[in-house]
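This report describes the fold of one protein chain and the packing of its side chains. Please consult the sequence and the model shown here while reading.

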Amino acid sequence: MVMVDEFPFPSQITTTKPLSLLGHGITDMEIHFLQIKFTAIGVYLDPEIVGHLKQWKGKPGKVLAEDDDFFDAVASAPVEKFFRIVVIKEIKGSQYGGLLEGAVRDRLAAEDKYEEEEEAALEKVVEFFQSKYCKSKSVITFHFPATSNTAEITFSTEGKEDSKMVVDNGNVVHMIKKWYLGGTRGVSETTITSLANTLSEKLSK
């Protein structure tokens, strides 16, 4: 187990195959000199991803963390990915859904890929979170299979049955990945730094 801000994250999880915890961190904000922590994040990747990142061999983690091309390659690599997000500070599902929607929409618009299909797919994601209440220790997961452009989102909270949905718009799915794997534009700097350091180490072997 790896502790991410008091929350245990298994160092490996098995979906269709074992995935390793290669990066972890938190999302937070400073308000009046107080650090407010929102979520703990674990990024699980198929260890085979290293084979798709060979051109960055020998680069230190500090350099990789600043290299958005490197993180583009991580997000685009055709391997299975799984994000586990644990809520630290309770938040309404509608707030989380709104944050995700804004981040994905802005990224799509910047690349001129925000069409009606993307808008409809994002609306479904917002709707999914609308009725949820993310109390502390609730878990949100995103599972990205290696072979399809889909994402399965699961929400679990104490005392309720897990709820799931599938996003099947490839552009939206890619930008959800980029929200957490966006290099210098990622939502969590600590997660990006952690991933950069781990992958740098694995690439040097």
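**Basis and burial**

A residue is called buried under 20% relative accessible area, exposed over 50% and partly exposed in between, with a 1.4 Å probe and protein chains only. The model is predicted: local features need pLDDT of at least 70, side-chain atom pairs count only at pLDDT 80 or more, and totals for chains, interfaces and linings use all residues. Residues are numbered from 1 along each chain as its sequence is written, and side-chain values use heavy atoms, with hydrogens and water left out.

Ile 26 has a relative accessible area of 12% and is therefore buried. This residue is found in strand β4; strands (E, at least two residues) and helices (H or I, at least four) are DSSP runs, numbered from the N terminus. Contact means heavy atoms within 4.5 Å. With neighbours within four places in sequence set aside, the contacts of Ile 26 include Val 4, Gln 35, Ala 40, Ile 88 and Thr 191. The C-alpha atoms of Ile 26 and Gly 183 are separated by 15 Å, the two residues being 157 apart along the chain.

**The sheet**

An open sheet is formed by 7 strands in the order β3-β4-β5-β6-β9-β10-β11, with antiparallel pairing. Two strands pair if DSSP finds at least two bridges between them. At the edges are β3 (12–14) and β11 (163–167), each of which pairs on one side only. On average, neighbouring strands of the sheet are turned by 25° against each other, direction ignored.

Strand β6 (residues 81–87) pairs with β5 (residues 34–45) in the antiparallel sense over 7 bridges. Ala 40 stands opposite Val 86 in β6, and Val 43 stands opposite Phe 83. Strand β9 (residues 139–144) runs antiparallel to β6 and is joined to it by 6 bridges; there, His 143 is the bridge partner of Phe 82. Because 7 of the 7 residues of β6 are buried, this strand is largely enclosed by the rest of the structure. Lys 81, Phe 83, Ile 85 and Val 87 point one way from β6, while Phe 82, Arg 84 and Val 86 point the other way.

**Helix α6**

Helix α6 (residues 189–203) lies across β4 (18–31) and β5, running at about 150° to β4. Axes are lines fitted to C-alpha atoms, for helices over the stretch in contact, and angles run from 0 to 180 degrees between N-to-C directions. The expected span of a helix is 1.5 Å times one less than its number of residues. For the 15 residues of α6 this gives 21 Å, in agreement with its end C-alpha atoms, which are 21 Å apart.

The buried residues of α6 are Thr 191, Ile 192, Ser 194, Leu 195, Ala 196, Leu 199, Ser 200 and Leu 203. Their cover includes β4, β5, α1 (61–65), α2 (68–76) and α5 (170–180).

**Aromatic packing**

Rings of Phe, Tyr and Trp (its six-membered ring) pair if their centres lie within 6.5 Å; planes under 30 degrees apart count as stacked, over 60 as edge-to-face and the rest as tilted. By this rule there are 11 aromatic pairs. The rings of Phe 128 and Phe 129 are edge-to-face, because their centres are 5.2 Å apart and their planes stand at 75°. Phe 128 counts as buried at 10% relative accessibility, and Phe 129 counts as buried at 0%. One aromatic cluster is formed by Phe 83, Tyr 96, Phe 128, Phe 129, Phe 142, Phe 144, Trp 179 and Tyr 180.

A charge sits over a ring if NZ of Lys or CZ of Arg is within 6 Å of the ring centre and within 35 degrees of the ring normal. Lys 132 lies over the face of Phe 128, at 4.3 Å from the ring centre. Arg 84 lies over the face of Phe 9, at 4.7 Å from the ring centre.
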